Amino acid sequence: MPLPKSLSVLPLLVAAAACSTTHYRPAVDHPVKIGRPYTVRGITYTPAAEPDYDMLGLAGWYGNESGNQTANGERFRVKAIAGAHTTLPLPSYVEVTALDTGRTILVRINDRGPFVRGRIIDLTRGAARQLGIEGRGIAPVRVRRVDPSERDRAKLRKGRAAPLRPDAPPASLAAWRAQLAGAPAASNAAAGR
């Protein structure tokens, strides 16, 4: 006796569900992956160690549209304090300073992007909220690679915020804003120290 049509597709649904199981990498700091050059929308990006990375540019934020897995193989968590960068090793840690307010936060880079001209970093919604740019969408920032304490790293690996960094001094913010305003929109200007 043939199965009713509603039951005949059940094995297919079960098989499809079994195939969609994603295995996520745990949020750990080792091994650090630099990776091979890759091309997105005709632009080739070459990952590099860049221990002295210090740039001015635009930050944006991304949410559920990114998918459920980061380029690092971890589960994407929209509320985590994390970000995406095109070339820094995965994972990396950076200080992100909003040039409008001076607020500075610590962010764990575990994803690739942004692939939008003029942007140097994408933040998760949680990081954008902590930095104070969630409502604006994009904002001018300074991004500087750092080597934080294990305590701060552990918080970020769990998706939690590390304590805020000291606000940038007004004189530094003014200099960075002026430097960014003089740079072509499509390039990254090195930040002054």
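## A guided tour of the protein chain

The protein chain exposes about 10,500 Å², with carbon and sulfur atoms supplying 58% of it; these areas come from the Shrake-Rupley method with a 1.4 Å probe, and for residues only the protein chains shown count as cover. You are looking at a predicted model, in which local features need pLDDT of at least 70, side-chain atom pairs count only at pLDDT 80 or more, and totals for chains, interfaces and linings use all residues. Residues are numbered from 1 along each chain as its sequence is written, and side-chain values use heavy atoms, leaving out hydrogens and water.

**Start with the cartoon.** You will find five helices and nine strands, which are DSSP runs numbered from the N terminus (helices: H or I, at least four residues; strands: E, at least two). Along the sequence they follow the pattern α-α-β-β-β-β-β-β-β-α-β-α-α-β. Of the 193 residues, 43% are buried (under 20% relative accessible area, with exposed over 50% and partly exposed in between; 1.4 Å probe, protein chains only).

**Next, select Tyr-62 and Phe-76.** Their ring centres are 5.3 Å apart and their planes stand at 40°, so the pair is tilted. (Rings of Phe, Tyr and Trp, the last by its six-membered ring, pair if their centres lie within 6.5 Å; planes under 30 degrees apart count as stacked, over 60 as edge-to-face and the rest as tilted.) Tyr-62 sits in strand 3 (residues 54-62), while Phe-76 is in the loop between strand 3 and strand 4 (82-84), 14 residues apart. Both Tyr-62 and Phe-76 are buried. The whole structure has four aromatic pairs; for a cluster linked by ring pairs, select Tyr-38, Tyr-45 and Phe-115.

**Now look at two prolines.** A cis peptide bond joins His-30 to Pro-31, with omega about 0°; Pro-31 lies in the loop between helix 2 (10-19) and strand 1 (38-40). Another cis peptide bond joins Leu-90 and Pro-91, with omega about -5°, and Pro-91 is in the loop between strand 4 and strand 5 (92-98).

Arg-41 is not a glycine, yet its phi is positive, about 50°. Look for Arg-41 in the loop between strand 1 and strand 2 (43-45), where it is exposed, with a relative accessible area of 70%. Glu-50, also not a glycine, has a positive phi of about 40°. Glu-50 lies in the loop between strand 2 and strand 3 and is partly exposed, at 29% relative accessible area.
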